[in-house]
Amino acid sequence: MAYEFERTQRIAVLGGGPGGYEAALAGAQLGAEVTLIERAGVGGSAVLTDVVPSKSLIATAEASNAVKEAADLGVQFYAKGDAEKAVKPNVAINLAAVNKRLLGLAAQQSDDMRSNLIDAGVHLVHGEGRLDGPNAVIVATAKGGTDFDRIEADTLVVSVGATPRVLGTAVPDGERILTWTQLYHLQQVPEHLIVVGSGVTGAEFASAYRALGAKVTLISSRDQVLPGEDADAASVIEKVFKRHGMKVLNKSRAESVVRDGDEVVATLSDGREVRGSHCLMAVGSVPNTGDLGLEQAGVQLSDSGHIRVNRVARTSMPNIYAAGDCTTFPPLASVASMQGRTAVFHAMGDIVNPPELRNITSNIFTQPEIAAVGWTQREIEEGVVPGVVYKLPLASNPRAKMMGIRDGFVKLFASSGSGAIIGGVIVAPKASELIFPLALAVEHRLTVDQFAEAFPVYPSLSGSLTDAARAMHVVR
């Protein structure tokens, strides 16, 4: 008597960044036969050259600032037995040691993720992959592409990320003109770092390297740094940048950046020149979707080359999904992870709660940080959504006073009809941690009164959140 057994669903994941990693784990958890193809290392650029190393560098910069500002809290530094000569410290940064540490942390994180995949039963393939129609991936497993594997699958998940945009008039050389992936090979803090681009990446690195002791000039083509963010938050960051000695050139477009011996020269559109020792090009990124066989497989791309996906990360082909920076969704590691899980859950018929883009939290790791969630003040002011705005300066918070915090605020947005919290912005040290209660409130439609009923620790920075909610009691 012959028995027929249902074949295990086969999933092929192209790219091992946050989206691909989570997709592979989710597939293995649900009993699928999962193969993950990665050319650089598990974790992708997010772990190896982007999020993990950059935030590790920023943590060092924060530690440097904390030491410098300790004197404001009454902490003095002096040689043993010489207390009467206490001085404000000069902080030295061993950038070679810093970069060695952060690259080591990135490698360790990648190894941990690789071990998790292996333990889950995911089959890992190292090589360059591309789609071979809608149901298979071809992988070049040898240098030069002489050996190929063809992996057939019922479901494909594409999570190939993005790379820094390169301008023809400012080509990185890896020594003086750099992308953010090349900064971690510097042996010394740049004498004068020119940063071209005042978006999130440019602002974060400008903030970090100024704290590490570099002279920094930030070139921004817009009226203000961080043009896509909350205007009040951007204003605070720009004020802090300038107070700490950073030169900010607003309404200035860099036409070209060239190397001149041991210097770099940035020429602006009005003819001015800015000379420095190094230049960071932070002018956006491009998706790694070229030559992957996507269009031949029936996958629709946007004009920018990003993969069009819906809320469950599905592409125009029913069995092909995509996650991360290569898609039309916001380029955040948390979004990529959510997309990866959602894609596999949907493909395998599990329960799916499609993520609401409006509820995604974002954070900018400047000093102080900027965190945001939900609707924006601009959208409220333009009448896109009816709402009320309340802003509470952080300087009024007792914990902030104890910590010597001068800059920042908490801003809540509530529906003018129901009083439900529909968004918020926090500018503060560790805003990335403080935003989570607001994210929960937005996700679960809590009203300002419900939010204010929670008990924050006293004193705490999070107390400003409930203080702001209490102040909005009459919002309805």
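**The parallel sheet and beyond**

Tutor: Five strands make up an open sheet, and their order is E9-E16-E10-E11-E12. The pairing is parallel. Keep in mind that this is a predicted model.

Start at the edges. Strand E9 covers 177-178 and strand E12 covers 247-249. Each has a single partner strand, so one side of each is left without a neighbour in the sheet.

What joins E10 to E16? Strand E10 spans residues 192-196, strand E16 spans residues 278-281, and four bridges link them in the parallel sense.

A search of the whole structure turns up one cavity of 30 Å³ or more. The space in the largest cavity is about 30 Å³. Val196 and Met281 are among its lining residues. By type, the lining has six nonpolar residues, two polar and one charged.

Look at the cysteines next. Is Cys279 buried or exposed? Its relative accessibility is 0%, and buried means under 20%, so Cys279 counts as buried. Cys326 has a relative accessibility of 0% too, so Cys326 is also buried. How many disulfides are there? A disulfide needs two cysteine sulfur atoms within 2.5 Å. By that rule the count is zero.

The unreviewed UniProt entry carries a "binding site" annotation. That record lists Gly197, Ser198, Gly199, Val200, Thr201, Gly202, Ala203, Glu204 and Gly284. These residues are spread over 88 residues of sequence, yet they cluster in space. The largest C-alpha distance among them is 13.3 Å. Take Val200 as an example. Val200 sits in helix H5. Its relative accessible area is 33%, so Val200 is partly exposed: the value lies between the 20% and 50% limits.

Helix H5 takes us to a pocket. H5 (200-211), helix H3 (51-68) and helix H6 (231-243) each supply at least two residues to the lining of the second largest pocket. Which helix gives the most? H3 does, with four residues. The volume of this pocket is about 990 Å³. Its lining holds 29 residues, and Asn65, Ala66, Glu69, His244 and Gln367 lie nearest the centre. Sorted by type, the lining has twelve nonpolar residues, six polar and eleven charged.

Here is a contrast in sequence and space. Arg114 belongs to helix H4, residues 95-120. Along the chain, Arg114 and Tyr21 are 93 residues apart, while their C-alpha atoms are separated by 8.9 Å. Arg114 has 42% relative accessibility, which places it between 20% and 50%, so Arg114 counts as partly exposed.

Finish towards the end of the numbering used here. The unreviewed UniProt entry marks residues 362-468 as "domain: Pyridine nucleotide-disulphide oxidoreductase dimerisation". Over that stretch the chain is 32% helix and 29% strand. The end C-alpha atoms are 20 Å apart.

Find strand E23 there, at residues 421-428. How many of its eight residues are buried? The count is eight of eight, so E23 is mostly covered. Strand E20, residues 369-374, runs antiparallel to E23 and is joined to it by six bridges. In this pairing Ala371 stands opposite Ile426. Strand E22, residues 409-415, is also antiparallel to E23, with six bridges between them. Here Val410 is the residue opposite Ile426. E22 and E23 form a hairpin, and five residues lie between them. Look for Gly419 in that turn: its phi is positive, at about 80°.

Note on methods:
Residues are numbered from 1 along each chain as its sequence is written. This is a predicted model: local features need pLDDT of at least 70, side-chain atom pairs count only at pLDDT 80 or more; totals for chains, interfaces and linings use all residues. Side-chain values use heavy atoms; hydrogens and water are left out. On a 1 Å grid over the protein atoms alone, a cavity is a set of points where a 1.4 Å probe fits but cannot get out, and a pocket is an open set with protein on both sides within 12 Å along at least five of seven lines; lining residues have an atom within 4 Å of a point. Grid points are joined across faces, edges and corners, and a volume is the space filled by probe spheres set on the points. Ala, Val, Leu, Ile, Met, Phe, Trp, Tyr, Cys and Pro count as nonpolar, Asp, Glu, Lys and Arg as charged, and the others, Gly among them, as polar. Buried means under 20% relative accessible area, exposed over 50%, partly exposed in between (1.4 Å probe, protein chains only). Two strands pair if DSSP finds at least two bridges between them. UniProt positions are given in the numbering used here, feature names are shortened, and annotations may be inferred rather than shown by experiment.
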